[in-house]
Amino acid sequence: MSLRIKTSDLRKRMSEAVKGGGDKAIEKQVSMGKMTARERIIELLDSKSFFEYDLFVEHAAKDFDMDKKKLAGDGVIIGTGTINGHPVCIYAQDFTVAGGSLGYMHARKITKIMDHAMKLKVPIIGINDSGGARIQEGVNSLAGYGEIFYRNTMASGVIPQISVILGPCAGGAVYSPALTDYVFVVDKISKMFITGPEVIKSVLGEEITMEALGGAQVHAEKTGNAHFYAESEKECFGQIKELFSYIPWNNTKKADSFPTKPPKTRTYKVNKLFPADATEPYDVRDIVRSISDDSKFFEVQTMWAANIVIGFARFDGDTVGIVANQPLVLAGVLDVDSSDKAARFIRYCDAFNIPLLTLVDLPGYLPGVDQEHAGVIRHGAKLLYAYSEATVPKITLIMRKAYGGGYIAMCSSHLKADFVFAWPTAEIAVMGPTGAANIIFRKEIAQADDPDALREIKIEEYKKKYANPYVAAAYGYIDSVIELNETRKFILHALEISQSKSVVIPEKKHGVPPF
Amino acid sequence: MANKKKTPTEKVDSEFQDFRVGDTIYRTKLTKAYLERKPYTIPNKKSSLAFIPGTIAEIFVKKGDKVKEGEIMMLLEAMKMKNRVIAPFDGVVKDVYVEVGQVVAKNFVMVELV
């Protein structure tokens, strides 16, 4: 055979393989408002940067007449490319091929590209669109999932792992996204659950739609399984690219630096945005924007546990992880979900060399039987653990109230914050003035001729004496009490001089955090 | 979604509600999760609730029967297991609220004793 014939044979084989499940299946995929697996990869990666491997892999199933079937690429596309000019490894399950079901070779392709990502120390992106295990391949399919989960765990904290849910992701399959750093979902397209509506109905008699059980909205708002929610695949890919601009390529690197830009202080006037009265609400994200480069703040998990805000901003061009109590929602209390949300983000930032800036304004923990019984002790402890364990530069700004356990948990100097700043409006105390006065002066108040009048006097007394940053500053628990419009200056300096921070932690295999 | 927000949040007073933590009342927004939380109720030992959703497989007692502590009153089949529903104390069956084959949701009252 001549070179020409061999080349045309290769081309023919390739053109067949890239068709995936064929025209009909592709038509169906498109009619559901979904892109095909290959279109998704091309849309996400830098133009013309995608190189594919294992295009000619065939499935290994023998039983149930599977040996007579041919499945293009075994239902998954793997390859490498670039995003924002940096290398990434990527795989995308192809729903048009046997419903994207995961068989032995399908899993082998995924683990192959994951192994590449680990060797090359570059991020791995998984686009999930699969009906689940390929039943015909039985235990081999389960083995495939297990091999993926193991690699997810090993890669955790070494390379960024991104899961994009663009179709069903059900049963055991959902544990791979759950083990990765960030999960992206798209309205009406993403569906994640352990047991689907049919099983729930047949076993338990509970009727629920797929969307209500595990749709994008549910995971973005109720379960916290998703980190980013988009209304279209295109918007989702834009979010991924933006995220990649803030994070480093692996745990030995720093995120890209950008030219520094001052905040838009004419739009975000901190003196106007911030009410000094500790009972008044405001949006803490605007405070972040009043001090960050170009007033940009890239928020993570915007809908779930909105009483705490997490996300990325830049200071002097470098990425900083933000954790902030949100007085706009539930007065910014800590509870089970907000503790989980913040703790995981802190550990992410610490693993990937991203300094932490904590903005504090909280009345404490959310009271209630439901919280206690949901294990707020165990969940709240995660926050203490994550902050204590983190060795990246830790800067804390106490804006207003910092009461009790909440003060300690929000990266206080006792958990080894490097710099703790406070605004003159800060109130650092064991509890709010009213509660404290009621306890300390209980007897006096009870014995007074006019208890209510005395209570008011005592509350005012306590407020004057203790509801301020100066008691804590007198002990050196606050490093500097600063004016509001000096904040950025102090933060920039603190970040600059913390660049070569190094902390020795006791030698250990790993800790035992209150998971 | 909220990433798109580029201007400071406008204050809309009607959105905010009073929210008490300790002895202080804060003005803030409440979340769906907070509003939907289940208030705590003291458990009633006299009612046997389905601890798991399932199907009533067998019933061994009827209204007016005397039961001894530890006696099996019915079988609740769930997740392929036949779970015994046991009398928590010596008593009399006040009423049985389920029949064989009935699918019950979690916390459904199946039988009550006096």
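Let's start with a crossing: helices H3 and H10 of chain A cross in a right-handed sense, where right-handed means the near helix is turned clockwise from the far one by less than a right angle, and left-handed means anticlockwise. Before the details, some housekeeping. This is a predicted model, in which local features need pLDDT of at least 70, side-chain atom pairs count only at pLDDT 80 or more, and totals for chains, interfaces and linings use all residues. Residues are numbered from 1 along each chain as its sequence is written, and chains are lettered from A and ligands numbered from 1 in the order in which they are written.

Back to that pair. Two packed helices are described by the angle between their axes and the distance between the axes. H3(A), residues 37-44, and H10(A), residues 233-246, have axes 10 Å apart and an angle of about 40°. The axes are lines fitted to C-alpha atoms, for helices over the stretch in contact, with angles from 0 to 180 degrees between N-to-C directions. That angle makes H3(A) oblique to H10(A); under 35 degrees would be roughly parallel, over 145 roughly antiparallel, 65 to 115 roughly perpendicular, and the rest is oblique.

Who does the touching? From H3(A) come A:Arg40, A:Glu43 and A:Leu44, and from H10(A) come A:Glu233, A:Lys234, A:Phe237 and A:Ile240. Contact here means C-beta atoms, placed from the backbone, within 7 Å. By type, that is three nonpolar, no polar and four charged residues. In this scheme Ala, Val, Leu, Ile, Met, Phe, Trp, Tyr, Cys and Pro are nonpolar, Asp, Glu, Lys and Arg are charged, and the others, Gly among them, are polar.

Now a second pair, for contrast. H13(A), residues 336-351, and H15(A), residues 376-389, come within 8 Å between axes and cross at roughly 20°, which makes H13(A) roughly parallel to H15(A). Their crossing is left-handed. On the H13(A) side, the residues that meet H15(A) include A:Ala342, A:Ala343 and A:Ile346, and on the H15(A) side they include A:Leu383, A:Tyr385 and A:Ala386. The contact of H13(A) with H15(A) divides into nine nonpolar, three polar and five charged residues.

Let's zoom out to chain A as a whole. How many helices and strands are there in chain A? There are 21 helices and 17 strands, taken as DSSP runs, with helices (H or I) of at least four residues and strands (E) of at least two, numbered from the N terminus. The C-alpha trace spans about 105 × 55 × 45 Å along its principal axes. Of the 515 residues of chain A, 49% count as buried. Buried means 20 or more other C-beta atoms within 10 Å of a residue's own, exposed means 12 or fewer, and partly exposed is in between, again with C-beta atoms placed from the backbone. Among contacts in chain A between residues at least 6 apart in sequence, 73% join residues at least 24 apart.

Here is a loop worth a look on the screen. Between H16 (404-409) and S15 (419-422) of chain A sits A:Cys411, a residue other than glycine with a positive phi, near 50°. A:Cys411 counts as buried, because it has 30 C-beta neighbours inside 10 Å. A:Lys416 lies in the loop between H16 and S15 of chain A too, and it has a positive phi of about 75° without being a glycine. With 14 C-beta neighbours inside 10 Å, A:Lys416 counts as partly exposed.

On to the partner. Chain B has one helix and 10 strands, in the order β-β-α-β-β-β-β-β-β-β-β along the sequence. Of its 114 residues, 17% are buried. Its average pLDDT (the predictor's confidence in each residue, from 0 to 100) is 86, and 88% of the residues score at least 70. Over residues 1-12 of chain B, though, pLDDT is below 50, and this stretch has 14 contacts beyond near neighbours in sequence. Where pLDDT is low, the predicted coordinates should not be read in detail.

Finally, how do the chains meet? The model scores ipTM 0.79 and pTM 0.92. The contact takes 34 residues from chain A and 26 residues from chain B. On chain A, the elements giving two or more residues are S10 (298-300), H14 (369-373) and H17 (433-440), and H17(A) gives the most, with three residues. The chain A side divides into 17 nonpolar, 11 polar and six charged residues. H17(A) also has buried residues, namely A:Pro433, A:Gly435, A:Ala436 and A:Ala437, and these pack against S16 (427-429) and H19 (451-466) of chain A.

Notes: Contact = placed C-beta atoms within 7 Å.
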